[in-house]
Amino acid sequence: QVIKCKAAVMWEANKPFSIEEVEVAPPKAHEVRIKIVATGICRSDDHVITGALVMPFPIILGHEAAGVVESVGQGVTSVKPGDKVIPLFVPQCGECNSCLSTKGNLCSKNDIGSGAGLMPDGTTRFTCKGKAIHHFIGTSTFTEYTVVHESAVAKIDSAAPLEKVCLIGCGFSTGYGAAVQTAKVEPGSTCAIFGLGGVGLSVVMGCKAAGASRIIAIDINSDKFAKAKELGATDCINPKDFKKPIHEVLIEMTGQGVDYSFEVIGRTETMTAALACCQYNYGVSVIVGVPPAAQKITFDPMLLFSGRTWRGSVFGGWKSKDSVPKLVADYMKKKFVLDPLITHTLPFTKINEGFDLLRTGK
């Protein structure tokens, strides 16, 4: 059965979302159709609008969500109609090199790098006004109903509040995992976090949970400092308050640089600053923010020759299908909080206002 429902369609770059009636096709074999109950707004969605993350238009964006399974295609065994689920923008097929390795989590079935904007079989399940609409990284959650591949959905605790745990679909898991899973922050270590949006604050929480003794939060918007401190930051600094480069400030504050640094913005200048501020021999710097398209980084190779490690982290290094249900269970056991990451709750039709709040740092 085709479902007609509302979706926020992005017809072209740098334009507002348009709330349209779309047709959502039934799930094919190994696919799942989900009724979306709650979806978060993430900077990566905005990167598509501005062209910093290249994807085909028209498209239904959104990738951080929670919902209920409406129907399943042939051969689906891991979920059934009525199950509460979180869509996974990093799938877990269980068969590719990354899925089989204990070291990796970026399943080869992901659509982040290729940006085809289609289901794994090369087609779309969305149409609007007779036009095919692209999917976004296998999830497309800015719609009342979406279709995902079975490898891109995780069944979660039926008691979980969907309007909170939707954050485990991206922001929280990405930041928290960058600290505990990718960097493997140790007790007593010093950390620096560049960027205090929802993901950056989740890195702060991860560093605190890992027992870091000093957590330095960096943002050009000082309004974000109170919440960063509430979640575990020991120091908050605004680069605008200093004449010298921020990495020099951090080296002075810590003696010889931090043990771990995290870039959670997606800007090449802050990526090199984060690398330069970590300890020259055993410091680890993790890139968490999506890098802008077509930009290159130039840096002094001596920064790495002396022993530093520069790493990337997608979805916090978690194997998605295995880890998301466990993270939801941990949330239910109150092992971490999500409420401070939720600043506004808006009806779906006010999605453009939501993006305005994102862009103004609110």
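This report looks at the domains of a predicted model and at one of its helices.

## Ground rules

The model is predicted, with local features needing pLDDT of at least 70 and side-chain atom pairs counting only at pLDDT 80 or more, while totals for chains, interfaces and linings use all residues. Residues are numbered from 1 along each chain as its sequence is written, and side-chain values use heavy atoms, leaving out hydrogens and water.

Where they meet, 12 residues of domain 1 are in contact with 13 residues of domain 2 (heavy atoms within 4.5 Å). The two domains bury about 890 Å² between them, with 64% of it on carbon and sulfur atoms; this is the accessible area, for a 1.4 Å probe, that both parts lose on being put together, summed over both. You will find zero salt bridges between domain 1 and domain 2 (a Lys or Arg side-chain nitrogen within 4 Å of an Asp or Glu carboxyl oxygen).

## A closer look at α7

Helix α7 spans residues 246–254, and its buried residues are I246, V249 and L250. They cover an arc of only 95° around the axis, which puts them on the same side of α7. Here, buried means under 20% relative accessible area (1.4 Å probe, protein chains only), the arc is taken from the directions from helix axis to C-beta atoms, and helices are DSSP runs of H or I, at least four residues, numbered from the N terminus.

Among the elements covering these buried residues are β10 (190–194) and α8 (268–276). Just after α7, G255 has a positive phi of about 95°.

Notes: Buried means under 20% relative accessible area, exposed over 50%, partly exposed in between (1.4 Å probe, protein chains only). Helices (H or I, at least four residues) and strands (E, at least two) are DSSP runs, numbered from the N terminus.
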